[in-house]
Amino acid sequence: MATKIYVVYYSMYGHVGKLAEEIQKGASSVEGVEVKLWQVPETLPEEVLGKMGAPPKSDVPIITPNDLAEADGVLFGFPTRFGMMAAQFKAFIDATGGLWRTQALAGKPAGIFYSTGSQGGGQETTPLTAITQLVHHGMIFVPIGYTFGAGMFEMEKVKGGSPYGAGTYAGDGSRFPSEIELEQAFHQGKYFAGIAKKFKGSS
C-alpha cells in the first residue's frame, strides 16, 4: 500500500506555493509514495487581498482539518509574519481541535518549510515556533538537518532554508525561490518521503 504524503501550505504571493510544488516533486520521486498538494483556507476578504496586491489563488484544493487524518505524513508550509507562521495557517491549525482530542495525528511524521521577507526575518524562529503545534498533536518532527550537504553551506548567494527545513527569501515580493532553494525543497520532499515510508512500513 502506498505511503500517502500531504503537502499543506498557505501562500499569499506564491513563494511558498513554488516551494510546495518542488517538495511534491521530490517526495513523488520516492517509489511507493503518493503525494497530494493542499492549500489552507484564506481568512482575508478578496477586497483586502486586492489592496495587498495578492494574485489569484491557484487551483490546488482547499483542505479541511479532517483530511489530515488520512495522511501517513504531512509537510506544512507557510510564510512568516513577525517571525512566526502566518495567521491564515495558524487559523487552520486552531481548527484541528477535534483531531487533537482523539490524537488522530499522533505518531505521524511532519516537516516544515517557509518563506521570509529578509535574512533576519525568521528562517529559524518560524519553524522553531511552529514545532509547538506538532508537539500538541503528538506528531514526529522530521528536520532535514544537514542532509542537503554542501548546499547548506552556500555563502556566495542569498539562500533560504535551515536545518529545520527548506526556505526562501521573498524580499519585497519580487524575488522568487532560487535554483538552490528549489533544489533544497526537492531534497526535503525526497528525504521526508523516505522517512515517512519507513514509518509506515514498520507500523
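Q: How far apart do the end C-alpha atoms of residues 5-192 lie, and what percentage of the span is helix and strand?
A: They lie 9 Å apart. The span is 32% helix and 19% strand. Helices (H or I, at least four residues) and strands (E, at least two) are DSSP runs, numbered from the N terminus. The model is predicted: local features need pLDDT of at least 70 and side-chain atom pairs pLDDT 80 or more, while totals for chains, interfaces and linings use all residues. Residues are numbered from 1 along each chain as its sequence is written, and side-chain values use heavy atoms, without hydrogens or water.

Q: What feature does UniProt place at residues 5-192?
A: The unreviewed entry gives "domain: Flavodoxin-like". UniProt positions follow the numbering used here, feature names are shortened, and annotations may be inferred rather than shown by experiment.

Q: Why is valine 7 called buried?
A: Buried means under 20% relative accessible area, exposed over 50%, and partly exposed in between (1.4 Å probe, protein chains only). Valine 7 has 0% relative accessibility, so it counts as buried. Valine 7 is in strand E1 (residues 3-9).

Q: What does valine 7 touch, leaving out residues up to four places away in sequence?
A: It touches Ala20, Ile23, Val35, Lys36, Leu37, Trp38, Leu75 and Phe113. Contact means heavy atoms within 4.5 Å.

Q: Why does histidine 15 count as buried?
A: Its relative accessible area is 4%, so the residue is buried. Histidine 15 sits in helix H1. Beyond its neighbours within four places in sequence, histidine 15 contacts Ser115, Thr168, Ala170, Gly173, Arg175, Phe176 and Pro177.

Q: How do you know that the reach of helix H6 is close to the expected value?
A: The expected span is 1.5 Å times one less than the number of residues. H6 (residues 179-202) has 24 residues, and 34 Å is expected. From first C-alpha to last, H6 reaches 35 Å.

Q: Which elements do the buried residues of H6 pack against?
A: They pack against E1, helix H1 (15-28), strand E2 (33-39), E3, E5 and strand E7 (167-169). Among the buried residues of H6 are Ile180, Leu182, Phe192 and Ile195.

Q: Which residues of helix H5 are buried, and what covers them?
A: In H5 (residues 125-137), Thr126, Pro127, Ala130, Ile131, Gln133, Leu134 and His137 are buried. The cover includes strand E3 (73-81), helix H3 (87-94) and strand E5 (109-116). An α-helix has 3.6 residues a turn, so residues three or four places apart point the same way. Glycine 138 follows H5, with a positive phi near 75°.

Q: Why is phenylalanine 82 called exposed?
A: Its relative accessibility is 87%, so phenylalanine 82 counts as exposed. It lies in the loop between E3 and E4.

Q: What makes glutamine 103 partly exposed?
A: Its relative accessible area is 34%, so glutamine 103 counts as partly exposed. It is in the loop between H4 and E5. Phi of glutamine 103 is also positive, near 55°.

Q: Why does valine 48 count as partly exposed?
A: Its relative accessibility is 33%, so valine 48 falls in the partly exposed class. Valine 48 lies in helix H2 (residues 46-51).
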